[in-house]
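Here are my notes on the model. Please read them with the structure open.

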Amino acid sequence: MKTDARSDVRSLIIIPCLNEAKHIEPLIAKLEKALRDLDAEIVVVDGGSTDGMREIVREIAAADPRVMLLDNPKRLQSAAVNLAVKELGQGYDYLIRIDAHGDYPLDYCQNLVEEALETEADSVVVAMHTMGFSLFQKATAVAQNSKLGNGGSKHREGAKGHWANHGHHALMRVSAFEAVGGYDETFSHNEDAELDYRLKKAGYGIWLTDKTAMTYYPRSSVSTLFKQYVGYGRGRARNILKHRSMPSIRQMLPLAVVPLFVGAFLAILNWIAVIPVGLWAFACVGYGFWIALGQRNPYGPLAAVSAMVMHFAWSAGFWLELLNFRNRRIAS
C-alpha cells in the first residue's frame, strides 16, 4: 500500500490514563512520528490525576495543537474512550487506543491504519507481548507469555494475521464503534471482549494483525496481580451473564480452581479430596520446570507461582460475580 493512503483517512489517538506523569511525555513523544505520517490527533483522557500529569499535557498541548486534554469524571478506561469519541470523534474515520502502561513500536499507529485500509476491517487488534523488570514481573511475564498463563490465546501468543473474535484493542472504525454503542461502562474489566462480542454479532470484522504488536508490563506484586485477575474473572462472568454465552475450554479449566480448593477441605473426611487440587498444583509446577529446562528460562519455577495466583484469582472473581448476580436476582 502506498503510504499516501494513510493520510487520506483521519485517526483520533486516545490515551486513557490516571496519574501517569512518569510515562505521558515520552509516550506522546513516541507518537510524534504517527502524527507526522498520519492525519491524526492525540487526546489524553484523564481520570483526575494528582501527580502533575495534567500540567505536563497542558504544556505539550500549548506547543502542539494536535494534542488535547479531556477530563474523564467516571475514571474508567471504557468511559474515557466513549467520552473521547462522543466529544471529539466527529470527522474521524478511526480511533486508536493507546494504554499509558504499554510500549509501542514507532510505526505502530501507521501499521494499524495500513492494515485497516488493506483488509477493510472494522477493528484491527494486536498481539500483546509481556515483559518485566523486577524478579516477580519477569516471572509473571514468562507465565503470561506461555500457555500456562494465557491458555493458548492467539492475541497473547501472536499468530499470523487472520479474522478473529477478539484481541487486544488497538484500532476501530469510529462508525462501527458508535453503531454498537461503544464500551459498556458497567464493565471495569473485560470491556474489550464484551465489545468484540457485540461487534461480531452486528456483522463487523475484527482483524488480528501480525504486522505490529504492543508490549505490556505486568503487575509487580502478588497482591496487585491477584486483584487484577479477580477483576478479569468478574468481567468474564459479567460478559457470559449479559450475553448468555458459554466460556471456552481454556477459560473453563482455571474456572475449576476455586471449587477444587473448596473441595480440598473435605480431606478431613477423606484424604482423596485433596488429590484434584494437588494435581493442579503439580501440573503448574511441572510446567514451570519444563519452561526452565526445555526453554532454558530460569524464571520458569517462579512463573508457575504467578500462574497459580492468576488461575486462583480469575476463578475467585468469576464465582464471586456469579454469586453476586444470584443474590441480586433473589433480592429482586
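**Notes on the predicted model**

1. The structure holds 11 aromatic pairs. This is a predicted model. One of the pairs joins F261 and W280. Their geometry is edge-to-face, with 5.7 Å centre to centre and 70 degrees between the planes. F261 sits in helix α13 (residues 257-264) and W280 in helix α14 (residues 275-294), so this pair ties together parts 19 residues apart in sequence.

2. Are the two partners buried or exposed? F261 is partly exposed, because its relative accessibility is 33%. W280 is at 14% relative accessibility and therefore counts as buried. Both rings belong to a cluster: ring pairs link F226, F261, W280 and F312.

3. Helix α14 also holds Y287 and W290, three residues apart, about one turn of the helix. An α-helix has 3.6 residues a turn, so residues three or four places apart point the same way. Y287 and W290 form a tilted aromatic pair, 5.6 Å centre to centre, with 55 degrees between the planes. Y287 is partly exposed at a relative accessible area of 27%. W290 is partly exposed too, with 47%.

4. Now the helix contacts. The axes of α6 (residues 135-144) and α11 come within 11 Å and cross at roughly 30 degrees. On the α6 side, F136, T140 and Q144 take part; they meet V222, L225 and Y229 of α11. The contact residues divide into four nonpolar, two polar and no charged.

5. S245 deserves a look. Its place is the loop between α11 (222-243) and α12 (249-255). With a relative accessible area of 18%, S245 is under the 20% limit and so counts as buried. Beyond its neighbours within four places in sequence, S245 is in contact with Y197, N239 and I240.

6. Last, the cysteines. The structure holds zero disulfides. For C17, the nearest cysteine sulfur is that of C109, 15 Å away. A disulfide needs sulfur atoms within 2.5 Å. C17 is buried, at 10% relative accessibility. C284 is buried as well, at 2%.

Methods
Residues are numbered from 1 along each chain as its sequence is written. This is a predicted model: local features need pLDDT of at least 70, side-chain atom pairs count only at pLDDT 80 or more; totals for chains, interfaces and linings use all residues. Side-chain values use heavy atoms; hydrogens and water are left out. Buried means under 20% relative accessible area, exposed over 50%, partly exposed in between (1.4 Å probe, protein chains only). Helices (H or I, at least four residues) and strands (E, at least two) are DSSP runs, numbered from the N terminus. Contact means heavy atoms within 4.5 Å. Axes are lines fitted to C-alpha atoms, for helices over the stretch in contact, and angles run from 0 to 180 degrees between N-to-C directions. Ala, Val, Leu, Ile, Met, Phe, Trp, Tyr, Cys and Pro count as nonpolar, Asp, Glu, Lys and Arg as charged, and the others, Gly among them, as polar. Rings of Phe, Tyr and Trp (its six-membered ring) pair if their centres lie within 6.5 Å; planes under 30 degrees apart count as stacked, over 60 as edge-to-face and the rest as tilted.
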